[in-house]
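Open the model in your viewer and keep the selection tool ready. The tour goes stop by stop.

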Amino acid sequence: MQRVWVTLGFLFAVALLAAGVWSYGYRQALTQLSEKAEADLELASDRLSTQLQVYQELAVLMAEHPALRSLDTIDQRTAAKALLLEVADKTSAVDVLYADATGRVLAAARDVVNGNLADQPAFLRAMHGALGSSHGVLRDTGNRIYSYAAPAFSTDGQVAGALMVIADVEDVESTWRGSTEAVFFVDRSGTVFISNRSELLFWHRPEGQTGLRPADGPVGAFASSRIGKHELWTIGWGPYLPERALHLTRDLPVIGMTGEVLMDVGPARRLAGLQAAAVAAICLAFGALLFLATERRRTLADANAVLESRVAQRTRALTAANVALRREVAEREEAEAALKRAQADLVQAGKLSALGKMSAGISHELNQPLMAIRQFADNGAAFMARGNPEKARENLGRISDMAARMARIIKNLRAFARNESEPMGKVDLIQVLNTAVELTDSRLRSDGVSLDWQPGNAPIFVWGGEVRLVQVFVNLINNAADAMMGRTRRNLTISMTRGDRLMVAIRDTGPGIQDPDRVFEPFYTTKSVGSSEGMGLGLSISYGLVQSFGGEIRGTNKTDGAEFTVELEPYEKAAVA
């Protein structure tokens with residue numbers, strides 16, 4: 001059953017491929033056929049225009065003939081008629097006429113218009129001083145004619161009359177009648193006036209439609225379609241017209257008509273069919289060879305059945321060995337997982353141990369100098385009592401150093417705590433960072449945080465407020481210390497980069513930022529609920545302060561922690577702006 005489905009699928013694929021080849025070949029053949037039809041239509045159009053141009057030039061030349069200047073006497077008119085008859089005979093014109101400005105025929109070769117040209121469109125055009133042309137059918141004979149009328153001017157420049165040349169359309173089209181392609185010319189009203197297929201004469205094209213309808217009689221079958229840029233007609237208009245034809249048009253404004261051609265597409269369809277058949281035959285031959293090869297392979301498969309049986313036995317043995325190996329690998333993986341869990345437990349224990357090391361604060365920084373001052377004061381008094389002023393002076397100097405240290409700590413605390421009201425200006429960034437580090441030094445040492453900060457000797461000035469900048473960096477340092485609580489490695493690095501802007505980076509070795517997109521939102525915190533430091537406003541306030549200085553602050557995660565970067569405008573650049 002499977003072989004039947006495979007065979008049907010293969011035949012379906014061959015049919016699709018043949019259809020694709022037929023479509024491609026048909027389009028290519030239509031392109032070549034279109035080029036030939038366009039050339040034939042151009043040749044027929046040029047031939048028609050050239051033949052009619054002879055009568056046009058004849059009308060222009062004869063309009064100013066001396067014999068037609070004065071036709072007042074019978075002799076003059078007789079001579080003019082003889083001249084016009086001779087010209088008509090030599091040019092195969094139906095008639096050559098000369099009329100005055102009222103349209104009355106003064107001389108004519110045969111006078112097929114019954115003595116008056118007043119209602120002729122070509123004559124009316126000539127009365128305006130321009131060359132006129134028109135086409136129609138003679139009332140008496142029913143012959144199709146094409147007329148040219150050229151104005152004749154008097155000595156004062158006025159139009160005195162016109163000379164009209166009437167050509168027989170059948171004589172013109174007889175030279176290319178019988179060509180294989182159906183060629184016809186449609187006037188502006190949509191009527192077929194000239195054609196090498198007489199059955200199409202006087203068919204008309206209704207407004208807004210593509211096909212043609214006969215003047216009388218039943219309407220033949222008609223359908224229009226497009227393949228690419230080619231327009232195809234399917235018609236049933238008679239035995240001498242193709243059922244399926246390529247339709248092309250060519251505008252001929254010189255004679256006021258549109259040339260059209262119908263080229264039989266039968267040869268193109270046959271050529272595409274031959275190409276599709278050739279491809280299908282090649283595919284079927286290939287399929288037959290493939291089928292034979294498959295059958296041969298099936299025979300070889302039966303012959304190898306015994307060998308495969310032996311291979312299967314060997315495979316079962318190898319499978320058993322592989323199962324044992326997999327069992328051993330699983331045991332090793334379980335041991336490795338147990339080891340990793342033990343390592344994770346050790347890391348967690350180290351984090352819990354680090355949490356117990358937080359103790360001292362700024363109060364310790366003040367209490368220690370006070371105790372030292374008391375000791376040095378007692379020693380100084382004892383030295384004075386013993387009459388040793390040098391030792392007493394040395395103790396007093398140490399007391400002064402301790403007092404200066406306490407004054408610096410209290411000054412920084414007072415400056416940090418007060419509400420800064422003075423406007424922004426020139427601020428030493430190195431001094432701001434040193435103050436922030438000094439304010440948080442006791443906290444960092446009590447938490448066991450290692451600080452890496454190498455301030456430069458030269459001051460670096462930025463645009464901002466000193467106290468507010470200290471507050472920003474104190475917040476960032478305290479947040480970094482909070483983040484590293486419970487971490488085995490607690491390193492805090494402060495670095496500074498100079499460029500178009502001054503950038504200060506504070507990097508910790510904590511767990512990183514849980515949600516970087518929300519870290520500066522108010523009341524967003526990852527600290528425990530109820531914590532005195534868990535309001536979630538520190539970073540939000542810092543963000544607003546930095547923005548007020550015209551700077552930027554952002555937080556990103558690194559491979560070993562988090563990094564907050566503060567960008568500030570140099571004072572020189574901000575002052576110029």
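How do the residues of the lining of the second largest pocket divide into nonpolar, polar and charged? Seven are nonpolar, four polar and three charged. (Ala, Val, Leu, Ile, Met, Phe, Trp, Tyr, Cys and Pro count as nonpolar, Asp, Glu, Lys and Arg as charged, the others, Gly among them, as polar.)

This is a predicted model: local features need pLDDT of at least 70, side-chain atom pairs count only at pLDDT 80 or more, and totals for chains, interfaces and linings use all residues. Residues are numbered from 1 along each chain as its sequence is written, and side-chain values use heavy atoms, without hydrogens and water.

**Stop 1: the pocket.** Select Arg-3, Val-6, Thr-7, Phe-291 and Thr-294. Of the 14 lining residues, these lie nearest the pocket's centre. Now select helix 5 (266–303): eight lining residues come from there, the largest share. (Helices are DSSP runs of H or I, at least four residues; strands are E runs of at least two, both numbered from the N terminus.)

Stop 2: Pick strand 16 (502–507) and strand 18 (561–568). They run antiparallel, joined by six bridges. Find Ile-506: Phe-564 in strand 18 stands opposite.

Definitions and conventions:
On a 1 Å grid over the protein atoms alone, a cavity is a set of points where a 1.4 Å probe fits but cannot get out, and a pocket is an open set with protein on both sides within 12 Å along at least five of seven lines; lining residues have an atom within 4 Å of a point. Two strands pair if DSSP finds at least two bridges between them.
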